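The following account leads the reader through one protein chain, from its overall make-up to its individual side-chain pairs. Please keep the sequence and the model in view while reading.

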Amino acid sequence: MALWEQGGGSGFQQRKAGGENDANNAQRSSIKGVLTCTIATILNAKHSESDNCFIYKHLKFNTVMIMGLIREANHEVNGSLATYNIDDHSGGSIEIKWWHDDSGEPIKPLTYVKVVGQVKTFAGKSHVVAHHVSKMHSLNELIAHNIECIHASICIRKQGETSGMNMTKTTNNPGSTQQALTTSNGFTPAQNAVLNLLKTVTTMAGYSVTEICKQLKQFSENQVKQALEFLSGEGHIYSTTDDDHFRAASNN
């Protein structure tokens, strides 16, 4: 399905831009997954305080995947923060803030990039705090992205018609709570294992749930599915050909 259930590394969560409107951070939104969309969709969306998400027509989202051309780029002296102005020719441009290590070469203007990140507002203006930014390898990716934007919108609208706009995978089962035991990076052993496995993916289709379970036999199928749901909701992975196949967002 074209509603990508994932995104990249989450280091930005510890170092946010000052002044961002994070009043609802204490109460997590129930909107999970990463929406493949255009910049115009983000700019035309309104933030809903009650739902703690952005809404545009039948779309509800907090985390997005966009592609576009860098018009302007600004890199801090220490290289840890990059600010980009990106245009995808859908109408208007949007600012991208990206905290990252300084080991790579800065991305320059007039470069097409893929961005996965969380939509924020400041002074009434929307921008994206990036989980992951990578260069596009071919303009064919942009064409595929535009098709996927349309597909995502159609799929979500159909879901809304049949299930009251239930766009997310949720569960009220207390058993869905992640294991209390966590590792030093805040993930449970199952979450770590699933994420590390998906980082080894080399195919565009990724690994299916069945394949993941076969390779991670130390965890039950239920633990694997819970880990996938958590990682997709937090923006670390996304679904590819359907809701059963996944890749890590950090994979180029």
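**A guided reading of the model**

The accessible surface of the chain comes to about 12600 Å², and carbon and sulfur atoms account for 51% of that surface; such areas come from the Shrake-Rupley method with a 1.4 Å probe, and for residues only the protein chains shown count as cover. This is a predicted model, in which local features need pLDDT of at least 70 and side-chain atom pairs count only at pLDDT 80 or more, while totals for chains, interfaces and linings use all residues. Residues are numbered from 1 along each chain as its sequence is written, and side-chain values use heavy atoms, with hydrogens and water left out.

The chain has 252 residues, of which 50% are buried (under 20% relative accessible area; exposed means over 50%, and partly exposed lies in between, with a 1.4 Å probe and protein chains only). Its secondary structure consists of five helices and 13 strands, taken as DSSP runs of H or I over at least four residues and of E over at least two, numbered from the N terminus. Of the contacts between residues at least 6 apart in sequence, 64% join residues at least 24 apart; a contact means heavy atoms within 4.5 Å.

Confidence is expressed as pLDDT, the predictor's score for each residue from 0 to 100. The chain averages 77, and 73% of the residues score at least 70. Over residues 1-27 the pLDDT stays under 50, and the model has 90 contacts beyond four places in sequence for this stretch. The pLDDT is also below 50 over residues 164-184, a stretch with 39 contacts beyond near neighbours in sequence.

Three strands form an open antiparallel sheet in the order E11-E13-E12, where two strands pair if DSSP finds at least two bridges between them. Strand E11 (207-208) and strand E12 (237-239) are the edge strands, each pairing on one side only. E12 and strand E13 (residues 245-248) run antiparallel and are joined by three bridges; isoleucine 237 has alanine 248 in E13 as its bridge partner. Helix H3 (residues 189-198) packs on this sheet, touching E11, E12 and E13, and its direction makes about 85° with that of E13. Such angles run from 0 to 180 degrees between N-to-C directions, with axes fitted as lines to C-alpha atoms, for helices over the stretch in contact.

How many of the ten residues of H3 are buried? Eight are, so the helix is largely enclosed by the rest of the structure. Among them are Ala190, Gln191, Asn192 and Val194. The buried residues of H3 pack against E11, helix H4 (209-215), helix H5 (221-233), E12 and E13.

Charged side chains complete the picture. The whole structure holds four salt bridges, each defined as a side-chain nitrogen of Lys or Arg within 4 Å of a carboxyl oxygen of Asp or Glu. In one of them, arginine 71 meets aspartate 87, with the closest N and O atoms 3.2 Å apart. Arginine 71 lies in strand E6 (residues 63-75) and aspartate 87 in strand E7 (residues 81-87), so this pair ties together parts 16 residues apart in sequence. Arginine 71 is partly exposed at 39% relative accessible area, whereas aspartate 87 is buried at 14%. Another salt bridge joins aspartate 51 to lysine 60, with the closest N and O atoms 3.5 Å apart; aspartate 51 is partly exposed at 32% relative accessibility, and lysine 60 is partly exposed at 25%.
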